[in-house]
Amino acid sequence: MLTNTNISSLPASRELDALVAEHVMHQPIDKFALAQGVLYNIPPYSTSIAAAWEVVEKLAVVGSAVLKKENGWICVLGLETADANTAPLAICRAALKVVG
């Protein structure tokens, strides 16, 4: 189970992309393929601003802001916030916190 604490420490990775795809974007995930490390048809949400922006748009109903700070980025989605060294990673972390 993901908690806000361990979500905040998730690195940008294909595994994070799969979590966002499944829990935020409601994209079906092939668990067998995932276990084998095969992650086709999953956008690079945690490393691509274009893919991450799809997540922001999906959750726009809760209100959103993505802001540059001195040494990284912060994303606010609804009542949840997350920070990271890149905007896509901050977006992914905040989105996972929103969906619990």
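The model is predicted, so local features need pLDDT of at least 70, side-chain atom pairs count only at pLDDT 80 or more, and totals for chains, interfaces and linings use all residues. Residues are numbered from 1 along each chain as its sequence is written, and side-chain values use heavy atoms, with hydrogens and water left out.

**Overall build**

The protein chain has five helices and three strands. Helices (H or I, at least four residues) and strands (E, at least two) are DSSP runs, numbered from the N terminus. Along the sequence the order is α-α-α-α-β-β-β-α.

The C-alpha trace spans about 40 × 25 × 25 Å along its principal axes. The radius of gyration of the protein chain is 13 Å, which agrees with the value near 13 Å for a compact globule of 100 residues. That radius is taken over C-alpha atoms, and the globule rule is 2.2 Å times the number of residues to the power 0.38.

Buried residues make up 37% of the 100 residues. Buried means under 20% relative accessible area, exposed over 50%, and partly exposed in between (1.4 Å probe, protein chains only). Contacts (heavy atoms within 4.5 Å) also tell something of the fold. Among those between residues at least 6 apart in sequence, 47% join residues at least 24 apart.

**The strands**

Two strands pair if DSSP finds at least two bridges between them. The pairings are listed here.

| Strands | Sense | Bridges |
|---|---|---|
| E1 (residues 64-69) and E2 (residues 72-77) | antiparallel | six bridges |
| E2 and E3 (residues 80-84) | antiparallel | five bridges |

A hairpin of two residues joins E1 to E2. Lys-69 stands opposite Gly-72 in E2. The hairpin of E2 and E3 also has two residues between the strands, and Gly-78 there takes a positive phi near 60°. Trp-73 faces Ala-84 in E3 as its opposite residue. In a regular strand, side chains alternate between the two faces of the sheet.

**A loop residue**

His-26 sits in the loop between helix H2 (14-23) and helix H3 (31-35). His-26 is not a glycine, yet has a positive phi of about 55°. Most residues other than glycine have a negative phi. His-26 counts as exposed because its relative accessibility is 57%.
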